[in-house]
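This report describes how the elements of one chain are arranged and which residues bring them together. Please keep the sequence and the model in view while reading.

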Amino acid sequence: MGAWGHGHFENDSALDFVGDIEDSKNPKQLFIDTLDNAVNSDYLDSDDACYTVVTSAYIDSQVSGTRYTSVEDEEPMNIDTFISQNPSLDLADLKDKAVSALKRVVGDDSELKELWEENEEDYPLWRSNIEQLISRLSK
C-alpha cells in the first residue's frame, strides 16, 4: 500500500525523492534541475510536482529554519540531518525559483493539483500547506 497524505513528505514519490537527494553527489544541482523542470514544463506530472514540493521544503528548511517531522512517529525527517550535514550548502538563491515552481504545482496544468481536487475534504489542507511554503519562501 502506498503512502498518501497532505504533508509534503506523505507520499511514495516524495519519500523516494528524499532518498535521491540523500544519495546525490550534487544536491544543489538536483534541486536546480527539479525546479527548472517544474517551471518549464507544459504540464507538470504528479511525480515531478512531488519532487518540486520536496525540493522546496529542503530550501525552506535551510533558509527559514522550518523543521519537518514524520507524521507517523513525530521524529525529525532526514531533511533536518541533511541540512546539518551540509552546512556550506547555500540554497537561498533558489527561493524565487522555488516559489515559481510551487505556483506551477497548484496551477491549472498540474496533475498533482488535479488529483488533490478529487478529494474535497483534504484538498484545502494540501493546498494550504503549499501556500504556507510559498509564503515562507517569499520572505
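Helix α2 contributes Phe 31, Thr 34, Leu 35, Asn 37 and Ala 38 to its meeting with α3, where the partners are Asp 48, Tyr 51, Thr 52, Thr 55, Ser 56, Tyr 58 and Ile 59. The model in which these contacts are found is a predicted one. Two packed helices are described by the angle between their axes and the distance between the axes. For α2 and helix α3 (residues 46-64), the angle is about 130 degrees and the axes lie 9 Å apart. An angle over 145 degrees would count as roughly antiparallel and one of 65 to 115 degrees as roughly perpendicular; α2 and α3 are therefore oblique to each other. Their crossing is left-handed.

## Overall composition

The chain contains 7 helices and 0 strands, and the pattern along the sequence reads α-α-α-α-α-α-α. Of the 139 residues in the chain, 43% are buried. Among contacts with a separation of 6 or more, 68% join residues 24 or more positions apart.

## Helix α2 and its buried face

Helix α2 covers residues 27-40, a run of 14 residues. From first C-alpha to last, α2 reaches 20 Å, close to the 20 Å expected at 1.5 Å a residue. Which residues of α2 are buried? They are Pro 27, Phe 31, Thr 34, Leu 35 and Ala 38. Viewed down the axis of α2, these buried residues fall within an arc of 90 degrees, so they line one face of the helix. Phe 31, Thr 34, Leu 35 and Ala 38 also take part in the meeting with α3.

On the α1 side the residues involved are Phe 17, Asp 20 and Ile 21, which meet Pro 27, Leu 30, Phe 31 and Thr 34 in α2.

## Helix α3 and its other partners

Helix α3 packs with helix α5 (residues 95-105) at an angle of about 145 degrees, and their axes are 10 Å apart. The crossing of α3 and α5 is left-handed. From α3, the residues Ala 49, Thr 52, Val 53, Ser 56, Ile 59 and Val 63 meet Lys 95, Ala 98, Ala 101, Leu 102 and Val 105 in α5.

Leaving out residues up to four places away in sequence, Ser 46 touches Glu 111, Leu 112 and Leu 115.

## Helix α7 and its surroundings

Helix α7 has 15 residues and reaches 21 Å from its first C-alpha to its last, close to the 21 Å expected at 1.5 Å a residue. Its buried residues are Tyr 123, Trp 126, Ile 130, Leu 133, Ile 134 and Leu 137. These cover an arc of only 100 degrees around the axis, which puts them on the same side of α7. The cover over the buried residues of α7 includes α3, α5 and α6 (111-117).

Leu 125, in α7, has a relative accessible area of 40%. Leu 125 is 118 residues from Gly 7 in sequence, yet their C-alpha atoms are 8.5 Å apart. Arg 136 is also placed in α7 (residues 123-137) and has a relative accessible area of 24%, which makes it partly exposed. Arg 136 and Asp 60 are separated by 76 residues in sequence and by 7.1 Å from C-alpha to C-alpha. Apart from neighbours within four places in sequence, Arg 136 is in contact with Asp 60, Ser 64, Thr 66 and Tyr 68.

Key: Residues numbered from 1 in each chain as written. Predicted model: local features only at pLDDT ≥ 70, side-chain atom pairs only at ≥ 80, totals over all residues. Heavy atoms only, no water. Helix = DSSP H or I, 4+ residues; strand = E, 2+ residues; numbered from the N terminus. Expected span 1.5 Å × (residues − 1). Buried < 20%, exposed > 50% of the residue type's maximum accessible area, 1.4 Å probe, protein only. Arc of directions from axis to C-beta. Axes fitted to C-alpha atoms, helices over the stretch in contact; angles between N-to-C directions. Parallel < 35°, antiparallel > 145°, perpendicular 65-115°, else oblique. Left-handed = near helix turned anticlockwise from the far one by under 90°. Contact = heavy atoms within 4.5 Å.
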